[in-house]
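Welcome! Take a moment to look at the chain shown here, and then we will walk through some of its parts together.

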Amino acid sequence: MRLKKELHSIFWSVLMLFPLVLPAQDGAAQAGEIRTAPLDSLFTMTYYLPSQYDSSASWPVIFVFDPSGRGDVAVDRFRTAAEKYGYIVAASDGIMNGSYQRNYQRARTLFEKAKTKFHLDSINQFTAGFSGGARLASAIAGLSKNIRGVLSAGAGVNSRYLAVDQIEPFVFIGMAGDKDFNFAEVKASEVLLRSIKYPHEMIWFEGEHDWPPYEVIEKAVRDLSVRMHSRGQQKRSAEELNVMYNEEIAYNQKLRQEGNMVWAYENLEKMRSWYGFLDKDRDLKDEMKEVKRLKGFRSQRSDLDYIDEIEQLYLQEYLKFLMDDIGVGELEALGYWDQELKHIEKSFVDHKEEAYRKMAFRIIAMLRLVGDKANKELKEPEHFKQLLFTNIFLTLTDKKDYDAYLESVRFAVALGEYEIALYYTDKLLENEFKDIERLRNYPGITLLRIQPEFGEVLEKYGFDPRF
């Protein structure tokens, strides 16, 4: 029963996942640079004020949450957008993946600190985050009627936090890299939001599970600003709006130049709705026609639609089976995974189209994430069997994961499975592991090192077989 609870914990902790300007220490609030101020006796608030900040006026604010509590990283990612579009950004090192109740309390402290220190716009208050921080941002917005928008990177949105009962619910802007293991989850959120006609936008970019690039965050903040203006909740001059429109067209042109034609087309569709007050619909329709005429557009759209469908199916099946197999720890199940991973490699890793290769990357990354979390959560010695299975599984997903080979050897020795230990010692060296002293001194394998067969394996790869 305890193992089942631990595996359940691993599953949900997986869902909660995953150039820096150093902040100056705070005296009086200063504009144009990242600064810190005490939040309470334990934690600090990191913030950025745009250089045009004037305390006599009220300012929109974005509260940003990093899953590891890196307030400086979070604020820095929003710094250029905040400067360009006139936002205060605030974060805290005390808010990180963990207890929601604790994070709600610390977020409340952050909000109150910012309210007393700066002149905040009472309407234009937003939350943002990456991975687990993005989930927290959505949860806070769903529980509060004061948050008007969420900028969510690397995570989808839980439907229970959507403010569907409000006349003007908070705007959800999602961002995900095309090699992010949570990409399919964010895609599923898009389907949900579209089906219930919830105000949203999804921004895709080339990258893995990480904070989006500055230009992507700038786009997200720009689009949020335009949406709030169209609601009559943020005032932007005609000149500002035209500049934003031209920036958006330039962003769209870059998508096309990089070969992301479907993303460009979807972005133009969103612009028709969100920039409707500028009377640019005819121009945007012409842009969309131009994109549709681009060579490869139709095949790219067909590929992406197909990938959206099959990726969800692969992940649903694989995640269920893998959690079950880790729980049991039977090594016979590794044969199934070996065949499935070879299928993924043959069908998608070696595919001529990059979209399929990226899908394969995402699937394998998600499986590795489950394995890594199991390694951290399962306990020794009661789960030696499950840990042996998990580490061997990780070697199947990455033949250069030397740590997983070494741990496989260690757990095999602990279970008295010396043939398995010798086999993975051989596989370790076969895959070009060269740090022989690390192997000789690796903890927990003393009883293997004194076996003559161990020396024979070392000698096979040109190493001194001495004990």
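How many bridges join strand β2 to β3? Five bridges do so, and the two strands run antiparallel. Strands pair here if DSSP finds at least two bridges between them.

## Before we start

This is a predicted model, in which local features need pLDDT of at least 70 and side-chain atom pairs count only at pLDDT 80 or more, while totals for chains, interfaces and linings use all residues. Residues are numbered from 1 along each chain as its sequence is written, and side-chain values use heavy atoms, with hydrogens and water left out.

## The whole chain

The chain holds 18 helices and nine strands. These are DSSP runs numbered from the N terminus: H or I over at least four residues for helices, E over at least two for strands. Along the principal axes, the C-alpha atoms fill a box of roughly 80 × 60 × 40 Å.

Of the 467 residues, 54% count as buried. Buried means under 20% relative accessible area, exposed means over 50%, and partly exposed lies in between, using a 1.4 Å probe and protein chains only. The chain exposes about 21,500 Å², and carbon and sulfur atoms supply 50% of that area; accessible areas come from the Shrake-Rupley method with a 1.4 Å probe.

## Strand β3 and its partners

Strand β3 covers residues 44–48, and four of its five residues are buried. A hairpin of five residues joins β2 (residues 34–38) to β3,. Within this pair, I34 stands opposite Y48.

Strand β3 also pairs with strand β5 (residues 88–92), in an antiparallel arrangement with four bridges. There, Y47 has A90 as its bridge partner.

## Strand β6 and its partners

Strand β6 spans residues 120–130 and is largely enclosed by the rest of the structure, because nine of its eleven residues are buried. Strand β4 (residues 59–65) runs parallel to β6, with six bridges between them; W59 stands opposite L120 in this pairing.

Strand β7 (residues 149–153) also pairs with β6 in the parallel sense, over five bridges. Here F126 stands opposite G149. In a regular strand, side chains alternate between the two faces of the sheet.

## Helix α4

Is helix α4 largely enclosed or largely open? Ten of its twelve residues are buried, so α4 is largely enclosed by the rest of the structure. The buried residues include G132, R135, L136 and I140.

Helix α4 (residues 132–143) reaches 17 Å from its first C-alpha to its last, close to the 16 Å expected at 1.5 Å a residue. The expected span is 1.5 Å times one less than the number of residues.

Just after α15, E432 takes a positive phi of about 70 degrees.

E437 is partly exposed, with a relative accessible area of 39%. The C-alpha atoms of E437 and D223 are separated by 55 Å, and these residues are 214 residues apart along the chain.
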